[in-house]
Amino acid sequence: MKRKNSYYLMIIHIIVLAILTTACTQKDQASPSATSESGGTKELKTITMPWRTDIGPLNPHLYDPSQMFAQGMVYESLVNYSNGGEIVPGLAERWTVSDDGLTYTFYLRKQVTYSDGSPFNADSVKRNIDAVMANKQRHSWMGIVDALDSVEKVDDDTVVLKLNKFYYPVLQELAFVRPFRFLGDAGFPEDGQTSTSIKAPIGTGPWVLKEYKKDDYALFARNEHYWGEKPKVDQIKVKIMPDSESIVLAFEKKELDLIYGRGVISLDSFKHLKDSGDYGISQSDPLTTRLVVLNTQKGPTAELNVRKAMEYGIDKKKMVDSIAYGTEVAADRILAKEIPYANVQLTPMEYDINKAKQLLDEAGWILPPGKTVREKNGQRLVLKFTYIATEAVQKSIAEIMQGELAQIGIQTDIQGVDVMVGLQQLKSGESHMNFWSSLGPPNDPHNFATVSAQPGATGIYEAQLGLPDKKEIDDQIRTVLASKSESERKKLYTNILTSLHDQAAFYPVSYETYIAVYHKNITGLIPQASKYDFPLLNLDVTNTSP
Amino acid sequence: MNTLGFIVRRLAGLPLVLLGVSVLTFLLLRLVPVEPAEVLLHLSNTPPTEAAIAAMRTELGMDRPLWTQYAIWLSEMCRFHFGTSFVSKLPIAKEIADKFPVTLQLAAGSLILTLGLSLPLGMLSALYQGKLIDHISGGLAFVGASIPRFWLGFILLYFFSMKLDWLPVQGTGSVLHLILPSFTLAFTQMAVYTRLLRSGILDQMREPFVLYARARGLRESFIMIRHVMKLALLPVITALAVSMGHLLAGTVIVEQIFGLPGLGRYLMESILNRDYPVIQCYALLMAVIFVLSSLVVDIVQRLFDPRTLMKEGG
């Protein structure tokens, strides 16, 4: 009796569950699935790619939460940065610079229209640059903002930028993805100020934002008004997927066509996809440098020999290869040779454990018999090393460095912290070692130079304060940014980079590259010199349903 | 006391709870190292110069004294102006209204699965105590209680989306998209309820009133449903209200893995970005949900178990 009743109960439950499940399935059949959308309904060629955060409101004159690659798809600059550091025409066909370097005249490309069909002209350039300059403080990290005096319209196709002081990287900064890019009149808010919001993202670039659902997806369509060679595919769909492992699964399942960028998927996943041999892989030139900033002001890292011992004591190549699987190259200098002015003759400090030990011995850090950590005047050689807890690669590097440094008698206490706490510690010099990355083209080397001489910003300046010739380095930096002579700039950069290198002020870990993984039906992917401009223009799909 | 009076009395305490929560969140947030102005500049990948930080502080209103900031915020809240996000500059009320349905669907889906699976399992394992089904449900409960959600979610994705290709990896728009996230969320909850119900039923079965009912010759299924289940469900209902927080906390991870644009993910990003106004609103919203859900449970308990009324002296 008892058993029979419980069977009834069980059956009732199974029926209820079955009804629920069927209801779910039936409802779903009516709605389109994610795959058919990404496969391209209406026979449109669509490429779907993931991004981990929402693309933002796409205000060309502001920063986060707008994502740089998306801003780069919609907006263009007067000039562009190309491979090798050369500045090439963009919305300006050509330009001239006055002899004193204070007047830049830009001759605008004719017949350029915004995506809404309205014309791009000198008025438009003036309106945009004025809007950017109205929010000057926000852009104070760029030297051009301090140097720019006025923008004047000469005629419809000519504008003049007047500077109040000489600043050599004007074109490089204009080429950057934000804020000097151009918004159509209809995109401006009523008060004309773009410092808080815009009405609509209207640009001259090859793509137009067609559909957008915050935190879910963004659909970019080809800009039919585009002045240059038009994109080969009709649409780019950016799916917002915060979890990197889910991205890999969705890619393998062909819900995604292409993964591009850095940090979108883990390096282990990259290796897994690469090793499968089923996908196309490409990689950019080295773009940014991953460095460990050494605190030259406090603790054992204030001693040159300790810093040098770190350089000699770690098998860097082995470390980087084991972690990055070829997506990062071991760095032997602060800025990669591909960066302008950075191709300087330097003596690399190559792995030599005996030399490392010798340097420490010479500095008085002696390994007492029976102990594993060196000591000097009763103090143990212990370094505090901070990494960003959410960055898996930093953690792995920190752990390997910890192991390697232990071999030469240096104890490293590693600590994972929140991004912002890490930045704070870098600035306050609380720890001896911190990770830092350079900005990469088109901002380097001048941005590296600027932050090196800028108190209270990134901590890079503070970390160098213990260097005996810090004052000279800062003077040289100030001179180089205002130097009109190419040869003098070259000489000064050589001095600055050599001095920082010889004093082992930084421990360069690796040069990071941008990686692309795509299904084999995708063609035309060539990674760019600037990591903020994604190479989506020449992408094509040979067969719309991969 | 009648039920209406009970509800009114409970709701009257709500403003006080909200005030307390708001003061606490406001003060605790200020203890977090690194201020929002710096975070915003860092997020923008621009070196935070002193001029930029100062400008940003003014823009965010963070340059005012703490108590002024609170007073302004409170007066805005009293007029139901929930403020704008530091990061997106969008009205928080609108963002929450956009994201809440996603989280609500997820929570509802997981609740349906939790109850739909744990009720029969709990019941069967009580009825067949020590038998195979009891061992299976015990094993499941053990696994469910110890398995990390992010891992479970990933394994489910791997098998059901990748290998079997039954369900989509991520996204929204259909019920199919909800199955895996809901199950991920439900699985750990299920473990708790199965065991609770099982022990509840076993306890009640030993009560004299069951023996009496059997002596009256009532059908076993009738005793089970009318007498035993009714009381055995009470601790489950209480646990439901208590675990509301657990459920909402779980959505943070689940929304992340499955790419659902819900409240959990919004909160997570806001915490990382030090988006104070959003975090404050979220805390208040959660307080309201907690107060309301515990109120609902109390009401249900009064209906199920008249003894609660007697204890209240009503």
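Asp116(A) counts as partly exposed in this predicted model, with a relative accessibility of 39%. As for its setting, Asp116(A) sits in the loop of chain A that runs between strand S5 (103-108) and helix H4 (122-133).

What does the side chain of Asp116(A) make a polar contact with? The partner is the side chain of Ser118(A), at 2.7 Å. Once neighbours within four places in sequence are set aside, Asp116(A) is in contact with Ala186(A), Ile202(A) and His225(A). His272(A) is another matter: 156 residues along the chain from Asp116(A), it has its C-alpha atom 43 Å from that of Asp116(A).

Now over to chain B. Is Ser161(B) buried or exposed? Ser161(B) is buried, at 0% relative accessible area, and that follows because buried means under 20%. Ser161(B) belongs to helix H8 of chain B, which covers residues 149-163. The side chain of Ser161(B) reaches the backbone oxygen of Leu167(B) at 2.9 Å. Leu167(B) also turns up in the contact list of Ser161(B), alongside Leu156(B), Pro168(B), Val169(B) and Leu180(B) from chain B. That list includes a residue of chain A too, namely Lys253(A).

Stepping back to whole chains, here is how some of the totals line up.

| Property | Chain A | Chain B |
|---|---|---|
| Secondary structure | 17 helices, 23 strands | 15 helices, zero strands |
| C-alpha span along principal axes | about 90 × 80 × 40 Å | roughly 85 × 60 × 30 Å |
| Buried residues | 58% of 546 residues | 51% of 314 residues |
| Accessible surface | about 21700 Å² | about 14600 Å² |

What kind of atoms does that surface belong to? In chain A, carbon and sulfur atoms hold 51% of the accessible surface. In chain B, carbon and sulfur atoms hold 72% of the accessible surface.

Charges come next. Chain A carries 60 positive and 68 negative side chains, and the centres of these two sets are 4 Å apart. Chain B carries 25 positive and 19 negative side chains, with 12 Å between the two centres.

Then there is the question of how far along the sequence the contacts reach. For chain A, take the contacts between residues at least 6 apart in sequence: 68% of them join residues at least 24 apart. For chain B, 74% of the contacts with a separation of 6 or more are between residues 24 or more positions apart.

Finally, a word on confidence. Chain A has an average pLDDT of 86, and 91% of its residues score at least 70. Where is the pLDDT of chain A below 50? One such stretch is residues 1-12, which has 17 contacts in the model beyond near neighbours in sequence. Residues 14-41 of chain A also stay under 50 in pLDDT, and the model gives them 21 contacts beyond four places in sequence. Where pLDDT is low, the predicted coordinates should not be read in detail.

Terms used: Residues are numbered from 1 along each chain as its sequence is written. Chains are lettered from A and ligands numbered from 1 in the order in which they are written. Side-chain values use heavy atoms; hydrogens and water are left out. pLDDT is the predictor's confidence in each residue, from 0 to 100. Contact means heavy atoms within 4.5 Å. Helices (H or I, at least four residues) and strands (E, at least two) are DSSP runs, numbered from the N terminus. Buried means under 20% relative accessible area, exposed over 50%, partly exposed in between (1.4 Å probe, protein chains only). A polar contact is a pair of N or O atoms within 3.5 Å; within protein, one must be able to donate a hydrogen and the other to accept it, and residues adjacent in sequence count only if both atoms are side-chain atoms. Accessible areas come from the Shrake-Rupley method with a 1.4 Å probe; for residues, only the protein chains shown count as cover. Lys and Arg count as positive and Asp and Glu as negative; His and the chain ends are not counted. The place of a charge is taken as NZ of Lys, CZ of Arg, CG of Asp or CD of Glu.
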